[in-house]
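I set down each item as I looked it up.

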Amino acid sequence: MKIKILRREEIEKVRGIDRSEIVKQIYYYKDGKLTLEDEFYDVTGWTPSELERNIRHLYDIHDRDGTLFGAFEGDKLIGISALESRFIGRKRDQLQLYFHHIDKHHRRKGIGRELFSKAMEKARELGARKLYVSATPSRNTVDFYMHMGCRLASELSPELYRLEPEDIHLELKLY
Ligand SMILES: CC(C)(COP(=O)(O)OP(=O)(O)OC[C@H]1O[C@@H](n2cnc3c(N)ncnc32)[C@H](O)[C@@H]1OP(=O)(O)O)[C@@H](O)C(=O)NCCC(=O)NCCS
């Protein structure tokens, strides 16, 4: 496995990532706290419209100088993490980790951690004080980010909250 910065023409390889996942528990955020509920979803992948929207967004991030890290096995893209270039937050000192996905057959092998670390290092290098993550509320996703050191966002991004109100909004302090 090799991690490298994705070139624009490699963004299409996202279509080959198997996003499927069985979800058994979901987090809810209420009154400053997280609660877990048992819920079952057989996520078979992105819907065609989600996939197109995600890919368009990845092109946008790339074109405004964001950084896309890809994990490759040979020519196959097996993981991706996208770091936005636009600073957000009242102090304009946070960068969003937009897209962090590992192919179903390659999870739990340390690839998510490696990609996350790359995005973290880059955000630090760009002068960000925090990484902002709008996380899918499934238990696996949120527990992974918590394990990486993320905590509930102390300042919700109104823009990102409007887009994904069901997500769990997290931050990672970089300093
Ligand atoms: C969440 C996801 C990115 C994690 O990537 P991964 O490659 O499976 O994770 P890693 O193997 O790198 O795990 C890194 C560490 O997190 C821990 N971890 C991973 N998943 C975890 C979980 N569900 N609960 C608790 N810890 C977890 C690992 O044990 C490992 O710990 P260690 O390094 O201290 O030993 C991946 O499972 C995924 O793509 N899920 C589906 C898509 C998704 O939810 N994306 C996020 C959208 S916001």
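Entry 1, burial and overall form. I count a residue as buried if 20 or more other C-beta atoms lie within 10 Å of its own, and as exposed if 12 or fewer do. The model I am reading is a predicted one. By this count, 32% of the 175 residues of the protein chain are buried. I then compared the radius of gyration with the globule rule: a compact globule of 175 residues would have a value near 16 Å, and the 15 Å of the protein chain agrees with that. Along the principal axes, the C-alpha atoms fill a box of roughly 45 × 40 × 30 Å.

I find 4 helices and 9 strands in the protein chain. Their order from the N terminus is β-β-β-α-β-β-β-α-β-α-β-α-β. I also looked at contacts between residues at least 6 apart in sequence, and 62% of these join residues at least 24 apart.

Helix 1 covers residues 48-63, and its 16 residues reach 23 Å from the first C-alpha to the last, close to the expected 22 Å. Which residues of helix 1 are buried? I list N54, L58 and I61. They lie on the same side of helix 1, because the arc they cover around the axis is only 60°. Their packing partners are strand 4 (67-73), strand 5 (76-83) and strand 6. On the other side of helix 1 I note P48, S49, E52, R53, R56 and D63 as exposed. Just after helix 1, D65 has a positive phi of about 70°.

G149 follows helix 3 with a positive phi, near 110°.

How many residues surround the ligand? I count 18, and the closest are R107, G112, R113, T141 and D143. Strand 6 (94-102), helix 2 (111-125) and helix 3 (139-147) each supply at least two residues of the shell. Helix 3 gives the largest share, 5 residues. By type, the shell divides into 4 nonpolar, 8 polar and 6 charged residues.

R92, in the loop between strand 5 and strand 6, has a positive phi of about 50° although it is not a glycine. R92 counts as exposed because 10 other C-beta atoms lie within 10 Å. R108 belongs to the loop between strand 6 and helix 2, and its phi is positive as well, near 60°. With 9 C-beta neighbours inside 10 Å, R108 is exposed.

Is H105 buried or exposed? I found 11 other C-beta atoms within 10 Å, so H105 is exposed. H105 lies in the loop between strand 6 and helix 2. The C-alpha atoms of H105 and I17 are 9.4 Å apart, although 88 residues separate the two along the chain.

Terms used: Residues are numbered from 1 along each chain as its sequence is written. This is a predicted model: local features need pLDDT of at least 70, side-chain atom pairs count only at pLDDT 80 or more; totals for chains, interfaces and linings use all residues. A residue is near a molecule or strand if its C-beta atom, placed from the backbone, lies within 6 Å of it. Ala, Val, Leu, Ile, Met, Phe, Trp, Tyr, Cys and Pro count as nonpolar, Asp, Glu, Lys and Arg as charged, and the others, Gly among them, as polar. The expected span of a helix is 1.5 Å times one less than its number of residues. The arc is that of the directions from the helix axis to the C-beta atoms. Two residues are in contact if their C-beta atoms, placed from the backbone, lie within 7 Å. The radius of gyration is taken over C-alpha atoms; the globule rule is 2.2 Å times the number of residues to the power 0.38.
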